[in-house]
Amino acid sequence: MDTVDLARWQFAITTVYHFFFVPITIGLSALVAWFHSRWLRRRDEDDMRLAKFFGKLFTINFALGLVTGIVQEFQFGMNWSSYSRFVGDIFGAPLALEALLAFFLESTFLGLWIFGWGKIPERLHVACIWLVHIGTLLSAYFILAANSFMQNPVGYRYNPETGRAEMADFVAVLTNEVQLVTFPHVIAASYMVGGAVVMAVALHKMRQAHRGEASTLPGVGSPGEIPMWRRATRLGAVVTLVAGLGVAVSGDLQGKVMTEVQPMKMAAAEALYETPPDGQCAPFSVLTIAGLGGENPKHVIEIPCLLSYLGTGSWDGQVQGMTELEQEYRARFADGELTQADTYIPPIAMSYWNFRLMIGAGLFAAGVAALVLVATRRRAPGVPMQRWWKPLLVLAPVATVVGHSFGWIFTEVGRQPWVVHGEMTTAQGVSPSVGTADVWISMTVFTLLYGALAVIEVKLLLAYIAKGAEPFEEPRQLEDDDELAFAY
């Protein structure tokens with residue numbers, strides 16, 4: 001592999017790994033805020049216990065996500081200096097807002113929420129966790145604005161003297177049509193992840209309580225906790241299903257915008273080489289057999305006209321094939337030195353299968369959530385204790401997380417060979433002074449470090465899940481003469 005391949009592998013490893021934590025952070029922060037708000041309204045001690053319990057899981061995930069996210073900033077300068085120089089004027093504003101506004105909002109109010117129990121007014125305390133969640137949403141919005149520019153460059157002008165893209169309209173960057181459909185899709189998928197995590201962990205604890213298995217905390221784990229865990233289980237399942245519907249609707253809108261601005265990506269999602277003749281629609285294949293590179297596809301299961309609808313909103317709409325688009329791109333881009341490429345067709349096998357794995361993972365998690373709601377309804381006998389529930393409880397949240405990643409891999413791989421669509425290829429974005437040995441060393445270090453962090457993350461989560469929800473303690477009420485909690 002050359003330097004470009006190694007740099008792409010390193011960025012893929014570190015980014016996909018970091019992205020495991022992002023949807024959990026967004027989804028869990030919302031559900032923790034919900035439990036805490038419900039405690040404030042109803043004074044139900046179970047809500048307080050659930051808020052603290054899932055708040056610990058959220059905090060662990062937030063801390064590990066913070067550590068892995070820092071590496072993303074370094075990579076732009078390490079391996080992608082030419083790309084950073086090209087987009088620096090565009091990315092500077094949204095990424096600065098993400099750090100100065102969103103990240104500090106999250107970290108500041110998370111600290112107040114963690115250490116503020118009984119030390120700040122209750123309403124203000126609940127507002128802190130909601131501000132943490134708002135911070136995660138703002139962070140996602142600004143980062144997606146930068147990514148959407150890579151998919152569909154808007155609000156800029158190219159300066160041939162400096163060889164850079166320069167900001168011309170910041171509002172256009174923030175309201176990019178790709179951004180406006182990508183943001184709700186990502187957030188809905190994140191809520192689906194959070195719901196699946198709460199559903200799986202709560203059902204696991206409910207099964208433990210039914211068996212009378214004691215927690216590592218004294219007085220925790222009795223059958224009397226079953227109603228509490230049942231409520232959390234059903235809430236997580238409902239959130240998973242509702243968010244899954246949001247993912248489907250926003251994904252449908254995203255597919256139509258993608259066909260408009262990146263028709264090659266939609267064609268790659270179906271391995272559609274040839275444009276269907278006039279009057280014929282494009283089918284969508286559920287399963288296909290092809291070469292390792294996606295060549296010579298033989299579709300085994302097809303849904304007639306579905307690709308036309310996904311891409312255009314019409315059952316007889318035309319979706320261009322990759323062969324025709326390749327010719328158009330060569331006529332449009334190959335004359336200029338900036339955008340030369342060996343081929344404008346992305347890796348077909350990865351685009352095709354990641355698109356289907358993304359959909360399949362979401363459908364699987366939604367199916368498990370529906371099954372959980374049926375099994376835990378009031379008239380259902382007892383607690384679902386069959387052995388086959390155990391693998392489902394592990395696979396459901398994992399499916400939502402990896403489904404999220406499959407979607408991002410498709411988004412980025414399907415854009416190739418562009419790092420900024422129509423403006424800069426991935427090969428042109430790599431750092432010219434970085435050699436293969438440099439990338440091998442840094443990639444090895446990061447991979448080993450991330451492997452260690454994965455062990456730490458899993459052990460911490462399992463340890464705190466095993467402890468269960470702490471026994472309820474009535475929060476201390478503030479008195480008028482109390483000193484400020486954080487005074488020096």
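Contact here means heavy atoms within 4.5 Å. The model is predicted: local features need pLDDT of at least 70, side-chain atom pairs count only at pLDDT 80 or more, and totals for chains, interfaces and linings use all residues. Residues are numbered from 1 along each chain as its sequence is written, and side-chain values use heavy atoms, with hydrogens and water left out.

**Overall make-up**

- The protein has 14 helices and six strands, taken as DSSP runs (helices: H or I, at least four residues; strands: E, at least two) numbered from the N terminus.
- Of the 488 residues, 50% are buried, where buried means under 20% relative accessible area with a 1.4 Å probe and protein chains only.
- Contacts between residues at least 6 apart in sequence join residues at least 24 apart in 80% of cases.
- Carbon and sulfur atoms account for 65% of an accessible surface of about 22700 Å², computed by the Shrake-Rupley method with a 1.4 Å probe.

**Helix α1 against α12**

- Two packed helices are described by the angle between their axes and the distance between the axes.
- Helix α1 (residues 3–42) and helix α12 (residues 389–413) cross at roughly 125°, and their axes come within 9 Å; axes are lines fitted to C-alpha atoms over the stretch in contact, and angles run from 0 to 180 degrees between N-to-C directions.
- α1 and α12 are therefore oblique to each other, given that angles under 35 degrees count as roughly parallel, over 145 as roughly antiparallel, 65 to 115 as roughly perpendicular and the rest as oblique.
- This crossing of α1 and α12 is right-handed, meaning that the near helix is turned clockwise from the far one by less than a right angle.
- On the α1 side the contact is made by Val-16, Phe-19, Phe-20, Pro-23 and Ile-24, and on the α12 side by Val-401, His-404, Ser-405, Trp-408 and Ile-409.
- Eight of the residues in the contact of α1 with α12 are nonpolar, two are polar and none is charged; Ala, Val, Leu, Ile, Met, Phe, Trp, Tyr, Cys and Pro count as nonpolar, Asp, Glu, Lys and Arg as charged, and the others, Gly among them, as polar.

**Helix α1 against α6**

- α1 also packs on helix α6 (residues 177–211), at an angle of about 70° and with the axes 7 Å apart.
- The two helices α1 and α6 are therefore roughly perpendicular, and their crossing is right-handed.
- Residues of α1 in this contact include Pro-23, Ile-24 and Leu-31, while those of α6 include Ile-187, Tyr-191 and Val-198.
- The contact of α1 with α6 involves eleven nonpolar, four polar and no charged residues.

**Buried positions**

- Ser-308 lies in helix α9 (residues 306–312) and is buried, at 0% relative accessible area.
- Beyond its neighbours within four places in sequence, Ser-308 is in contact with Cys-281, Ala-282, Gly-313, Ser-314, Trp-315, Gly-317 and Val-319.
- Gly-116, in the loop between α3 (81–115) and α4 (122–151), is buried at 0% relative accessibility.

**Backbone exceptions**

- Most residues other than glycine have a negative phi, and most peptide bonds are trans.
- Gln-416 and Pro-417 are joined by a cis peptide bond with omega of about 15°, and Pro-417 sits in the loop between α12 and β5 (418–420).
- Ala-271, not a glycine, has a positive phi of about 55°; Ala-271 lies in the loop between α8 (263–270) and β3 (284–289) and is buried at 5% relative accessibility.
- Cys-305 has a positive phi of about 70° and is placed in the loop between β4 (298–303) and α9.
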